[in-house]
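Colleague: Please take one part of this model and go through it closely. Give the cut-offs as you go.

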Amino acid sequence: SVGAWCGARGVARDLTALRLHERREAEARAREELLGAVVSAMRSQAEPRRMMRAAADAVCAATASDCVVISTNGAGLDTVIGTRDGMKHELQRATTWRGKDNGLVTLMRADGVGAFQDAERNLLDAIAPHLGIAITFAELLKTNVQ
């Protein structure tokens, strides 16, 4: 019959593994770029409170969070970007310096944005150690300024 499918011509290859590998590489590149942006934002500030604010701003933008809270275990440098009201999804990681907890970073999203995905979890896992260093450095700067 005219117009009926009769088969396919050409060589068939399964590209699933290749496409999965390419996607993982792209995600890793994006994660590294975002991590670089967060670290650069922190390094660009010399004043402790501004350093923590720059870090929180960068993390908020990198993870598309509605609210970011960086707690500094009583160091007086806690930082909040956004509002905690109405947030339905939360993701937390402890920050450490030399094996000792020195803070906590919490990402929050409203219900309309959706839950955090593996990409954001991986990014936060990569950012948390840098935030731990930034918290320690900011505490040292704060002590030296006073």
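**Strand pairing and its surroundings**

Modeller: Serine 71 has leucine 104 in strand S4 as its bridge partner. This is a predicted model: local features need pLDDT of at least 70, side-chain atom pairs count only at pLDDT 80 or more, and totals for chains, interfaces and linings use all residues. Residues are numbered from 1 along each chain as its sequence is written, and side-chain values use heavy atoms, leaving out hydrogens and water.

Strands (E, at least two residues) and helices (H or I, at least four) are DSSP runs, numbered from the N terminus. S1 covers residues 67-71. Four of its five residues are buried, meaning under 20% relative accessible area with a 1.4 Å probe, protein chains only (exposed is over 50%, partly exposed in between).

S1 pairs with S4 (residues 100-110) in the antiparallel sense, over five bridges. Pairing takes at least two DSSP bridges between two strands. S1 also pairs with S2 (residues 79-81), again antiparallel, over three bridges. There, valine 68 stands opposite isoleucine 81.

Now threonine 95, in strand S3 (residues 87-97). Threonine 95 counts as buried because its relative accessibility is 0%. Its side chain makes a 2.8 Å polar contact with that of asparagine 102. Such a contact is a pair of N or O atoms within 3.5 Å; within protein, one must be able to donate a hydrogen and the other to accept it, and residues adjacent in sequence count only if both atoms are side-chain atoms. Beyond its neighbours within four places in sequence, threonine 95 is in contact (heavy atoms within 4.5 Å) with residues including Leu104, Val105, Ala128 and Ile135. Leu104 is also the bridge partner of serine 71.
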